[in-house]
Amino acid sequence: DVLCDYEVNLVEEFVPLASLALQFLTRTEDLQERVVQSERKHALANLTRGITHDMNNALGAVLPLVQQLRDDSANGRIVMETLREDLDVIEQSLQTCRRIFGSMLTIARGSKRGIGHGNLRRAVDSALTVLEDSLKRHKIKVLLQLPAELPSIRGSQGDITQLFLNLFTNARDAMPGGGTLT
């Protein structure tokens, strides 16, 4: 079975077009991957800025209190009620740092496991824990209407949590005057 002239001409015209289509497909996939990487970097930068701000606020409250306590103890001016109040502020700030770091560790552990089955409720809770102070600072109330148990979904826990971090960060940024995140 030999091709006739008409079929040969069709093939000759099709091959360059198919080659061009494959080149466009490759370029499109490359551009899509670059966009995804850029979005990930942007989301990570935003998350890092928020966490850094919250950590600086928490630690910024501790440092002057510790310095004042050191000075008061060196000069014998410790007032027990003031000491208790200062220790409460220090404890609250350290609990904030601990909560933020704990959530970040949970996210990191979840992303190391690779693709498996992620827990939606845990992802939502972790993301809200990381962003809690930021949301309060922006006067955003969170109204969580989720059942305690949700089905697991296919994906890494870290990626699912990152998804909710991105969604909640976008929601926060869309409500500069405060509001309710439901």
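I start with the rule for a polar contact: a pair of N or O atoms within 3.5 Å, where within protein one must be able to donate a hydrogen and the other to accept it, and residues adjacent in sequence count only if both atoms are side-chain atoms. This is a predicted model, with local features needing pLDDT of at least 70 and side-chain atom pairs pLDDT 80 or more, while totals for chains, interfaces and linings use all residues. Numbering runs from 1 along each chain as its sequence is written, and side-chain values use heavy atoms, without hydrogens and water.

**Helix α3.** I take helices as DSSP runs (H or I, at least four residues), numbered from the N terminus. Asn119 caps the N-terminal end of α3, with a side-chain oxygen 3.0 Å from the backbone nitrogen of Arg121. I find 18 residues here, 120-137, reaching 25 Å from first C-alpha to last, close to the 26 Å expected (1.5 Å times one less than the number of residues). A kink of about 55 degrees is centred on Leu131; the bend is the angle between axes fitted to the seven residues ending there and the seven starting there. After α3 comes Lys139, with a positive phi near 60 degrees.

**Burial.** Buried means under 20% relative accessible area, exposed over 50%, partly exposed in between (1.4 Å probe, protein chains only). Leu131 is among the buried residues of α3. In α4, I list Phe164, Leu165 and Phe168 among the buried ones.

**Cysteines.** Cys97 is buried at 6%, whereas Cys4 is partly exposed at 38%. I count 0 disulfides, taking cysteine sulfur pairs within 2.5 Å.

Technical notes. Helix = DSSP H or I, 4+ residues; strand = E, 2+ residues; numbered from the N terminus.
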